[in-house]
Amino acid sequence: MEIIEEKKNKNKKYKPILDRIPDWPVYQLSKNRKEFVEEVTSKSVERILEMRPSYKQLIEDLQATAYREQNRIKRNRWRIDPKDDSSFWSSVKNELVELGAKDQEEVKPKVDELLTKIVHRYASEIAGNFKPTSYRFAREAVKFWFGRLLNGARIKKFGGFFRNQYALRDKIHIVGKVKMIRKLARQGTVVMVPTHFSNLDSILIGWVIHAMGLPAFIYGAGLNLFNIKIIAYFMNSLGAYKVDRRKKNLPYLETLKMYSNLAIQKGAHSLFFPGGTRSRSGMIEKQLKLGLLSTAIEAQRTLYNNPAGEARKIFVVPVTLNYHFVLEAPDLIEDYLSKKGQDRYFPEQDKYGSFQLIRFMIKFFGNRSNISVSIGPGLDVMGNYVDEEGNSLDSHGRIINTKDYFTSSGQLTIDRQREDEYTRMLSQRIVSEYHKINRVFASHLVSFVAFEIWQKKHSQLDLFSLLRLPEEDLEIDYLEFKTVFKRVRKQIYQMKEEGKINFASHLKGKSDLVIKRGIDNAGVFHLNRSVAKNKKGNIITQDLSLLYYYHNRLVGYDLEQFI
Amino acid sequence: MTSNNSSEIPVGVIGAGNFGTVIANMLAQNRKVLLYARNSEDVHRINSTHQNRGYEVHPQVEAVNDFERIGRECEVIFPMVPSSHFREMMIKLAPHLHPYHMLIHGTKGFDLVLPKGETIETVKKLDRSMVKTMSEVIREESVAVRIGCLAGPNLSKELAERQPAATVVASHFNEVIQTGKKLLKSDRFQVYENSDIVGVEIAGVLKNIIAIASGALSGLGFGDNAKGLLISRGAVEMVYLGRALGGDTKAFLGVAGIGDLVTTCNSPKSRNFSVGYRLAKGEKLQDIIEDMKEVAEGINTVRIAKMCADHYKVRALITDRLYKVLFEGHTVEEALDFLLRFPLNVDIDFI
């Protein structure tokens, strides 16, 4: 497979901004892990009691929690779940039953105690376990083995395996506001919010953070990832805390939010995927989960409330991950299509164990298919742009005092409804930044154009009927394809001028070459190619659903009108 | 803002037109009010005579010509200027605003953001990205986030006479609604709450279209059957258009929707109504506009709503016909004839 080389990568190496690991906030946090879990527990209990002022309501919530937990154990059990899960929850249930027989006075301390027990269990489960030794080891292991794979696969000579001609830096392009995020991380606390397409994201972003010279972040990582042992090892050593999306009960959600809130307050740079799960459709997230996002806002308000000195500022940094290829794409899109129109929860099933992952890695590094990571500009917790000194700016470049968002009549006030609204506003801002910093690859554009042409040709069909068309019947004349491709590409150039989108340098140049590059890279490792050329040189597909998935990456830009 | 005693902090009102003056008077019953007038002669006249536009001005109202002072002294500000001047006003006010300011506007019109060099006459299509409600203008031009709007059957004259009435304060922020309520509510004036600010804003704007049509029916000398027909079909059309523009159905059924619609359609005092009335009497649009002291928001709204309906493929028959009357030289009779012949049979299909 011949692929045109990407423009020489200018990525340079960045010096760490904090040399000694013991200076890192994440290290401080895990060193005092026990105290921290206690603090999370007591503050969460306080919050839950505030939310459920009557004991009757609280007991109902605990009953619902126990019921759901037992259901989860019965229906959806994971390898990572603790062994005593079943016995713990049946004892909780029994205690709740006993409470029913007691009178008011006796009940109160009992309920508090029970709540504390549950919350403490959750807090310990969530809490990360960052160890400097295994962090260093993991970091070196990733660098070493990835380096070997890369050189071995690329230098087609004997002994290439041991050369160091290529570094991971050449494979993964970091573009965007790196200098800014480094500056901001020195002055305040960074909350990084990337898009989420693949299970690989978590490891990738860990490497990116290291490569930018930033101290390790604490992660909100899906607990399902910990089922894959090799990922679990890396996640633990990178400072991940666990987010279990099966648990939707009040005590769990409040504990999780409190964990993130307090960690941010203590200055631990944080990362979570605000879309929640991996994007099933392949679209850039439009709706974000507001729970963890709200903790950034609450932490900022609490910091402003601190009478001692100047408050540390929190910076939100959107990041997009751009791939030619997503390993799980066939399953994700299948999920998406079968659930479309029904907004219910479905369990995450990971068919990929450690073995498949390693096999994928080898393929991935052997290929010249690159990944790019776009670092967005820093925002304050309200979504305003900040300058390099961390000042929030309005649209005319005037400095805003962020504290003013939390005051009324000159006083700092706590207004949860107000902060819910702020969270919604922040999430809209993040989504719009995603679209601006998203880097279009040739493969994205080829997929988009091909699918849209077919859709237009069969405009009388709805999506599902379209996807049921036999693939053998689908063929686009190459010249027709090229004309449309050029037209849409021109529009993307125009939009980049307006700051609405970004694209990889390989998108420029002769359209024949760019189309070839796009086709060669689009979903390159799948069994069935999402887009390909036939003997006549015309455009065909072997898997229309997969093409739909990759096409979705460019949905939301109103590019359809140029087809 | 040095005092925590909120009753000493003045409330700002921007725009000393009919509605602005009346609202300032209502607010002045329990607060000091700074009323902004564009013209310094007006400021001087209001402060020395305590008269404006035929209304007595409450002694607690002080007219000013200084945005800086309004931003500095007031925490709550009520902008009440016509939509055609709204953005310009916000650009001047914005440097003096902070995120803690609350802005509750009472303007019922759209703002247009067109591509460079285009005008409403030349632009080919109009979608929601070019049509802004006033709360969106406030967001775009300033750092204010605590934004609300006032809408409802609020004819200035009747409010000034303290006749019973009600309004809706809509905002995403509960604190804005509660503050608006506290400041405006009196024993003759009820205040309802709504969290769908965009829906309430759009309802307030779109009803002006139907008001013109209602005036036209009156001008032709028709009675209450015709009006009942117009109001009910007009309400349906508002729901369709409003949903296409991002509002929720509920807002159109409340005080700011049906409430305001019925009032404006029955009120010869309303400017939009009299535009329709005079058109039906055979006057030319140009003459009517030149003749009016304040802007009839509805004329522009018809044009905007028609183009949006075309873009979003919403069936808006009344708007469409009115457009033809206003801008394409059709007569009111022709429009009415078309509407009555249109084969339309479903009564309600949006709930």
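So, helix α11 (residues 250-265) of chain A lies across β2 (189-194), β3 (218-222), β4, β5 (270-272) and β6 of chain A, and α11(A) runs at about 145° to β5(A). Axes are lines fitted to C-alpha atoms, for helices over the stretch in contact, and angles run from 0 to 180 degrees between N-to-C directions. Contact between two residues means that their C-beta atoms, placed from the backbone, lie within 7 Å. Helix α12 (residues 290-305) of chain A packs on the sheet as well, touching β2, β3, β5 and β6 of chain A, and its direction makes about 155° with that of β6(A).

Before I go on: this is a predicted model, where local features need pLDDT of at least 70 and side-chain atom pairs count only at pLDDT 80 or more, while totals for chains, interfaces and linings use all residues. Residues are numbered from 1 along each chain as its sequence is written, and chains are lettered from A and ligands numbered from 1 in the order in which they are written.

Now the sheet in chain A. What is the strand order? It goes β1-β7-β6-β2-β5-β3-β4, seven strands in an open sheet with mixed pairing. Two strands pair if DSSP finds at least two bridges between them. At the edges you have β1 (172-176) and β4 (240-243) of chain A, each pairing on one side only. The average twist from one strand to the next is 25°. If you want one pair to click on, take β6 (residues 314-322) and β7 of chain A, which are antiparallel with four bridges; A:Val319 has A:Ile375 of β7(A) as its bridge partner.

Zooming out, chain A splits into domain 1 (129-436) and domain 2 (439-562), with bounds that come from an automatic or database domain assignment. Across that boundary, 21 residues of domain 1 touch 24 of domain 2 in chain A. On the domain 1 side, α13 (329-339), β7 (371-375) and α15 of chain A give two or more residues each, and α13(A) gives the most, with five. By class, that side has nine nonpolar, nine polar and three charged residues. For the classes, Ala, Val, Leu, Ile, Met, Phe, Trp, Tyr, Cys and Pro count as nonpolar, Asp, Glu, Lys and Arg as charged, and the others, Gly among them, as polar.

Next, the interface between the chains. It takes 14 residues from chain A and 13 from chain B. On the chain A side, β10 (407-408) and α15 (416-437) of chain A are the elements giving two or more residues, and α15(A) gives the most, with three. That side divides into two nonpolar, six polar and six charged residues.

On to chain B. Its assignment gives domain 1 (6-195) and domain 2 (199-341), and their C-alpha centres lie 24 Å apart. Here 30 residues of domain 1 of chain B are in contact with 29 of domain 2 of chain B. The largest share of the domain 1 side, four residues, comes from β11(B), and by class that side has 15 nonpolar, 10 polar and five charged residues.

Chain B has an open, mixed sheet too, eight strands in the order β5-β2-β1-β6-β7-β10-β11-β12. Its edge strands are β5 (61-64) and β12 (189-194) of chain B. Strand β2 (residues 33-36) of chain B runs parallel to β5(B), joined by four bridges, with B:Tyr36 partnered to B:Val64.

Last stop, helix packing in chain B. Helix α8 (residues 197-219) and helix α11 (residues 255-265) of chain B pack at about 25°, axes 9 Å apart. That angle makes α8(B) roughly parallel to α11(B); the label covers angles under 35 degrees, with over 145 as roughly antiparallel, 65 to 115 as roughly perpendicular and the rest as oblique. And α8(B) against α12 (residues 271-280) of chain B? What angle do they make? About 40°, with the axes 6 Å apart, which makes α8(B) oblique to α12(B). The residues of that contact divide into nine nonpolar, eight polar and one charged.
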